[in-house]
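Please look through the sequence and the model before going on to the notes.

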Amino acid sequence: MRIRRKLLLALAAPLVATLTAAALVVPTLQPAYAASLVEVTNFGDNPGRMRMHIYVPNTRPTNPAVVVAMHGCGGTGPGFYSSSEFASLADRYGYIVIYPSATQQAGFGNCFDTWSDAAKRRGGGSDPVSIVSMINYAQRQYGGDPRRVFATGSSSGGMMTNHMLALYPDVFAAGAAFMGVPYNCFANAADYPPGASQCTGGNMNRTPQQWGDAVRQQAYPGYSGPRPKVQLWHGTADTLVPYSLLQETIEQWTNVFGLSQTPTSTDTPQANWNRRRYADASGNVLVEAYSVQGAGHSLPSGGMAAVALGFFGLTNPTPTTPPPTTPPPTTPPPTTPPPTTPPPTTTPPPSSGACRVTASVNAWNSGLTENLTITNTGSSAVNGWSLVFTLPGGQSITSGWNASYSPSSGQVTARNASYNAAIPAGGSVDIGFQANHTGNTAKPTSFTLNGAACTVA
């Protein structure tokens, strides 16, 4: 009993720390129009006796994507809503977030069922059926796009992410599992508690064929359709759910997809993030794995949620109006570029005061997001722009949207994307970024657009 109590404290500690940090977010920094988390009590068949909370952003397309975001053992849906970035990013990208709350105990309390015989079979019952009911509710009630349903989660939620992708490959388009384990890793409920489990005891080693057969033969026998692509994350210093299980999970999904165990590419997209990618013959990345150097049982953090959304394809903005199929009739482009004086990539700097920047910051213990609205207050359009500003000391950009940012700290230049290069007179564009900080969460004090100073609102 004493060992189990220690394990419970070890599992709950990262969650408690994260929730405590989340409480430090200043409410007034949230936009006044932000949506709120709502509990749904009658969402459909619920054999897992789960609770459902849903976050529906006020601004969204007619058929929004649906992201199922799942907490770790000892947590709740509202807790994961508060401690992760999926809801704040939903305000920007217009997708719906479902936050299930598990009620299974399994030694720890509030763990997603990935061990019972019922949970290991498609339509067998328990938590997986309840989660599918939540997805069906979001599609009925809010027009959720059945082609864009995604799963993600941390710890027990990461385990359930892999589990749901195996059971319901026809429901999900992709998943991102943080600190999870392969499907069918746990033999039964008695084997579940991490630390007292064969699965998480540090010695789990099956062949890729064995892992793949579990998905093919047990989860959904006879299924031959397309499968969701998979993104995996694990900290190299994780001792509760051992880092070695990342390799076992890679072996499972690469075998399911019929891919080589050798990655098609490796890189370091960010300091301490080592990425392995496994692509098919056409170059489509079907499995992507991140080893986070030195990280323990504490993911996602530091912009990882935004990277997962990028893997899902939810951070790829589209132009508000499609480009013309033919050049404008009055000013057709030349058939060849001028030989001696190519056109500039940006318009000349606007006059001082011909631009305005509005900035808002949402900060937590070691991170923040900053939204910037650039307004052209001049009398002529800007075609091609760069916005220069200086980040306060201790801030460093980890990811951004609607612009490219370089360098990550100090004096930063944000350059337009291909789809928002033009800012008409009186028009505006919205950009933003996520950053780490060491205590200073202030906004930049000045901005210049194409070299001209802007008014700061």
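The model is a predicted one. Ten strands form an open sheet with mixed pairing, and the largest nonpolar core has 47 residues.

- At the edges are β1 (37–40) and β8 (265–270), each of which pairs on one side only.
- From one strand to the next, the twist averages 20°.
- Strands β9 (residues 273–279) and β10 (residues 285–292) run antiparallel and are joined by seven bridges.

**Strand β3**

- β3 is mostly covered, with five of its five residues buried.
- Val66, Val68 and Met70 lie on one side of β3, Val67 and Ala69 lie on the other, and all are buried, so both faces are covered.
- In a regular strand, side chains alternate between the two faces of the sheet.
- With strand β4 (residues 96–101), β3 pairs in the parallel sense over three bridges. In β4, Ile96 is the bridge partner of Val66.
- With β5, β3 also pairs in the parallel sense, over five bridges. In β5, Val149 stands opposite Val66.

**The nonpolar cores**

- In soluble globular proteins, nonpolar side chains tend to be buried together.
- Which members of the largest core touch the most other members? They are Ile98, Ile131 and Phe172.
- Helix α4 (residues 126–142) gives the most to this core, contributing seven residues.
- Beyond its neighbours within four places in sequence, Ile131 is in contact with Met50, Val68, Met70, Pro100, Phe112, Met160 and Met164.

**Ser155**

- Ser155 is placed in the loop between β5 and α5 (156–167).
- Is Ser155 buried or exposed? Its relative accessibility is 5%, and residues under 20% count as buried, so Ser155 is buried.
- The side chains of Ser155 and His297 are joined by a polar contact of 2.8 Å.

**Ala442**

- Ala442 is found in the loop between β19 (428–436) and β20 (447–449).
- Ala442 counts as partly exposed because its relative accessible area is 36%, which falls between the 20% and 50% cut-offs.
- Setting aside neighbours within four places in sequence, Ala442 is in contact with Pro392 and Gln395.
- Ser360 is 82 residues from Ala442 in sequence, while their C-alpha atoms are 9.6 Å apart in space.

Technical notes. Residues numbered from 1 in each chain as written. Predicted model: local features only at pLDDT ≥ 70, side-chain atom pairs only at ≥ 80, totals over all residues. Heavy atoms only, no water. Core = buried A, V, L, I, M, F, W, Y, C linked by side-chain atoms within 4.5 Å. Buried < 20%, exposed > 50% of the residue type's maximum accessible area, 1.4 Å probe, protein only. Helix = DSSP H or I, 4+ residues; strand = E, 2+ residues; numbered from the N terminus. Contact = heavy atoms within 4.5 Å. Pairing = 2+ DSSP bridges. Axes fitted to C-alpha atoms, helices over the stretch in contact; angles between N-to-C directions. Polar contact = N/O pair within 3.5 Å; in protein donor to acceptor, adjacent residues only side chain to side chain.
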